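Here is a short briefing to read alongside the model. Please keep the viewer open as you go through the points.

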Amino acid sequence: MKNMLLAIPALALLLLAAHHFRQGDMGMAAAYLLMMGLLLTRQGWVRFALVAVLGFGAYEWAGVAVDFIRFREALGAPWTRLAMIMGCVFLFNLGAMAVMLGKVAGERFERNATNAPWQATAFCLSLFGLGTIRELAPVPMLLVDRYLSGWGPLEILCLAVYAAWLSGKMAVPRHALRFRPRLWALFSLVFFAQLCLGLLGMEKMLMTGDLHLPVPALIVAGPVFRGGGYFMLMLFLATILLVGPAWCSHLCYIGAWDDLLSRRGPRPAPSKTLGRWSVLGRVITLIMVLAVAAGLRMAGAEALVAVILAAVFGLAGVGVMVLFSRRGGMMVHCSAFCPLGLVGNVLGRLSPWRMRVGAECDVCGACFARCRYNALSETTISTGQAGLSCTLCGDCVSACTRQQIGYGFPGLGPARSRALFLTLVASLHAVFLGVARM
């Protein structure tokens, strides 16, 4: 009988769906109907996520009421009864929120309750991020909108649910060790699958229809050559501010290849040689790509010349993965070749995120055999944090049986720091999965 109370939020979602259906917004109507299905689950995050959704619904009803009243006033028609009806709908929506926050909903949605607030946050951040992009972008960014105009909210909802699920899976360190490379590889697969389909004639799979090579170095070199086109650079910098250098271990479409090949090699071990080249090698490639881009611009070179040189550089990077990453078990391409990786590592120091080592660490070396970025050694451990090449991948966290290594964020303990970090990364992963394409 108590579960009958859940009919109240279900009806509130149904009313919102009917409102959007009446307006002809089929995508939003379908999304609200699909959200009703979440009430059938027992996942703890659903409770808080639907509170946020119903809160937005209350805001929608308030806006609708104001618009209707203004319309009636403009016509000189009475509006008191209308205001009372809309007020009741608004209060009913608030009542639905109260039900979801109440004891009955708490008992119903009891699974994974500890991590539920973080999963719900990932859901909301993804929903907000993708919704904002959809509203502000001058062209349709979501594939569903491109093929079925107006149905983008369905894709947004699915990606938001995916972000919540991912945040929950990554919460347990031993699960994160297994899931991160797989989901990272999935992102790269989706990215390049869209690119291949676009090249085969499905132009809607491409972002603008103008082909750009998928070489990370072009994020910094491209604007120098073109004298514009800063979208990807700004996106990269925004990511650095949010999650530090985690772009390189969670969101880079090429980095997933280096990770995959390095895992085919032996267990990683600290390398002084790779440590020296970590800075020097990437400084050389960074100067080289910027100098070449600037030189081509000043020489008035055709775009085809720049594309050929960029392709050569990209293939050289793949060669580094095959020849060195695979043999050494280390991500040599990301740690010693990719110039964007160096930018991420250096600018990542402006971010508050750090991988901290506790004072009780006995330098057992277990984490050394998990770090494929050569960021952990006896020398770096003695400083209390990982080295410059650390990308906050978190693989080392699962290796430490004494819990002496973990994420650090000002004002938060290791557990909350990690939960917040994974929430942000899961949200960015879902957003990038929805909009990242060439």
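In which helix is the place of Ala 98? Ala 98 sits in helix 4, residues 80-101; helices (H or I, at least four residues) and strands (E, at least two) are DSSP runs, numbered from the N terminus. This is a predicted model, in which local features need pLDDT of at least 70 and side-chain atom pairs count only at pLDDT 80 or more, while totals for chains, interfaces and linings use all residues. Residues are numbered from 1 along each chain as its sequence is written, and side-chain values use heavy atoms, with hydrogens and water left out.

**Overall build**

- The protein chain holds 20 helices and two strands. Its radius of gyration is 25 Å, close to the 22 Å that the globule rule gives for 438 residues, so the chain is as compact as a globular protein of that length. The radius is taken over C-alpha atoms, and the globule rule is 2.2 Å times the number of residues to the power 0.38.
- Along the principal axes, the C-alpha atoms of the protein chain fill a box of roughly 80 × 60 × 35 Å.
- Of the 438 residues, 48% count as buried. Buried means under 20% relative accessible area, exposed over 50%, and partly exposed in between (1.4 Å probe, protein chains only).
- Residues 24 or more positions apart account for 78% of the contacts with a separation of 6 or more in the protein chain, where contact means heavy atoms within 4.5 Å.
- The accessible surface of the protein chain comes to about 21300 Å², and 69% of that surface belongs to carbon and sulfur atoms. Accessible areas come from the Shrake-Rupley method with a 1.4 Å probe; for residues, only the protein chains shown count as cover.
- The protein chain carries 37 positive and 18 negative charges, and their mean positions are 8 Å apart. Lys and Arg count as positive and Asp and Glu as negative, with His and the chain ends not counted; the place of a charge is NZ of Lys, CZ of Arg, CG of Asp or CD of Glu.

**A mostly covered helix**

- How many of the nine residues of helix 17 are buried? Seven of them are, which leaves helix 17 (residues 339-347) mostly covered.
- The buried residues of helix 17 are Pro 339, Leu 340, Gly 341, Leu 342, Val 343, Gly 344 and Asn 345.
- They pack against helix 10 (218-226), helix 11 (231-243), helix 12 (247-251), helix 14 (272-299), helix 15 (303-328) and helix 16 (332-337).
- Thr 285 is found in helix 14 and is buried, with a relative accessible area of 7%. Not counting residues up to four places away in sequence, Thr 285 touches Phe 313, Phe 337, Cys 338 and Pro 339.

**Aromatic rings**

- A search of the whole structure finds 15 aromatic pairs. The rings of Trp 247 and Phe 432 have centres 5.8 Å apart and planes at 80°, so this pair is edge-to-face. Rings of Phe, Tyr and Trp (its six-membered ring) pair if their centres lie within 6.5 Å; planes under 30 degrees apart count as stacked, over 60 as edge-to-face and the rest as tilted.
- The pair links distant parts of the chain, with Trp 247 in helix 12 and Phe 432 in helix 20 (residues 414-435), 185 residues apart. Both Trp 247 and Phe 432 are buried.
- One aromatic cluster is formed by Phe 187, Phe 191, Phe 192, Tyr 253 and Trp 257.

**Positive phi in two loops**

- Leu 392 is not a glycine, yet has a positive phi of about 60°. Leu 392 lies in the loop between helix 18 (378-382) and helix 19 (395-399) and counts as buried at 2% relative accessibility.
- Gln 403, also not a glycine, has a positive phi of about 55°. Gln 403 lies in the loop between helix 19 and strand 2 (405-408) and is exposed, with a relative accessible area of 70%.

**Individual helix residues**

- Ala 98 is partly exposed, with a relative accessible area of 48%. Ala 98 and Val 51 are 47 residues apart in sequence and 8.2 Å apart in space, C-alpha to C-alpha.
- Ala 105, in helix 5 (residues 103-108), counts as buried at 0% relative accessibility. Leaving out residues up to four places away in sequence, Ala 105 touches Arg 47, Val 99 and Met 100.
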